[in-house]
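Me: Hi! Could you walk me through the fold I'm about to paste in? I'd like to go through it piece by piece.

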Amino acid sequence: MKIFRACIWVAFICTTPLMSEAQEAKSFAYTQPMEGVYEQYWTAQELAVQDAYAGHPHRLYVEGQGKLGEFYGVLNLDCTTPQFSTWLAQSDYLSSDAVPAEVINGLRAIWCEG
């Protein structure tokens with residue numbers, strides 16, 4: 001019985017860092033240069049930190065502020081099939097068309113490849 005408890009304890013200690021690492025929140029930031037001294041700032045974070053599994057999209061909150069105006073949106077980022085990524089919600093002032101390719105590529109690099 002003592003050996004069984006020791007094995008369980010060792011297994012728990014060895015897997016705890018892996019579990020905490022899987023739950024770590026990721027974030028993204030990008031500064032889009034504009035004409036002159038102006039810039040547009042883009043940030044993103046996952047709405048609910050969860051373990052991703054094959055075929056499961058990441059739900060990201062994307063925000064933009066600066067010269068172009070304010071943008072707020074929720075992106076369902078599909079890593080398996082990028083064309084299935086969809087905007088679930090977005091602000092009225094700026095549409096998702098204003099989100100530059102650098103932002104989408106950065107999101108994919110962090111959540112799909114990272």
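Here is the chat that followed, going from the sheet to the core and the rings.

Me: Before we start, what should I know about the model and the numbering?
Reply: It is a predicted model, where local features need pLDDT of at least 70 and side-chain atom pairs count only at pLDDT 80 or more, while totals for chains, interfaces and linings use all residues. Residues are numbered from 1 along each chain as its sequence is written, and side-chain values use heavy atoms, with hydrogens and water left out.

Me: Great. What is the strand order in the open sheet?
Reply: The five strands run in the order 1-2-3-4-5 with antiparallel pairing. Strands here are DSSP E runs of at least two residues, helices are H or I runs of at least four, and both are numbered from the N terminus. Two strands pair if DSSP finds at least two bridges between them.

Me: Which strands stand at the edges?
Reply: Strand 1 (27-33) and strand 5 do; each has a single partner strand, so one side of each is left without a neighbour in the sheet. From one strand to the next, the twist averages 20°.

Me: How many bridges join strand 1 and strand 2?
Reply: Seven, in the antiparallel sense. As one example, T31 has Y41 in strand 2 as its bridge partner.

Me: And where does helix 2 pack?
Reply: On the sheet, touching strand 1, strand 2, strand 3, strand 4 and strand 5. The direction of helix 2 makes about 160° with that of strand 1; axes are lines fitted to C-alpha atoms, for helices over the stretch in contact, and angles run from 0 to 180 degrees between N-to-C directions.

Me: Which residues of helix 2 are buried?
Reply: V103, G106, L107, R108 and W111. Buried means under 20% relative accessible area, exposed over 50%, and partly exposed in between (1.4 Å probe, protein chains only).

Me: Now the inside. How many residues are in the largest nonpolar core?
Reply: There are 13, and V62, L107 and W111 have the most contacts inside that core. A nonpolar core is a set of buried Ala, Val, Leu, Ile, Met, Phe, Trp, Tyr and Cys residues joined through side-chain atoms within 4.5 Å. Strand 2 (39-46), strand 3 (58-66), strand 4 (71-77) and helix 2 (101-111) each give two or more residues to this core.

Me: What does V62 touch?
Reply: Not counting residues up to four places away in sequence, V62 touches W42, T43, A44, F71, Y72, G73, L75, W87 and L107. Contact means heavy atoms within 4.5 Å.

Me: I spotted some rings there. How many aromatic pairs does the structure hold?
Reply: Three. Rings of Phe, Tyr and Trp (its six-membered ring) pair if their centres lie within 6.5 Å; planes under 30 degrees apart count as stacked, over 60 as edge-to-face and the rest as tilted. One of them is W42 with F71, with centres 5.9 Å apart and planes at 55°, so that pair is tilted. W42 lies in strand 2 and F71 in strand 4, so the pair ties together parts 29 residues apart in sequence.

Me: What about F71 and W87?
Reply: Their ring centres are 5.4 Å apart and their planes at 90°, so this pair is edge-to-face. W42, F71 and W87 form one aromatic cluster.

Me: Is W87 buried or partly exposed?
Reply: W87 is partly exposed, with a relative accessible area of 23%, whereas F71 is buried at 0%.
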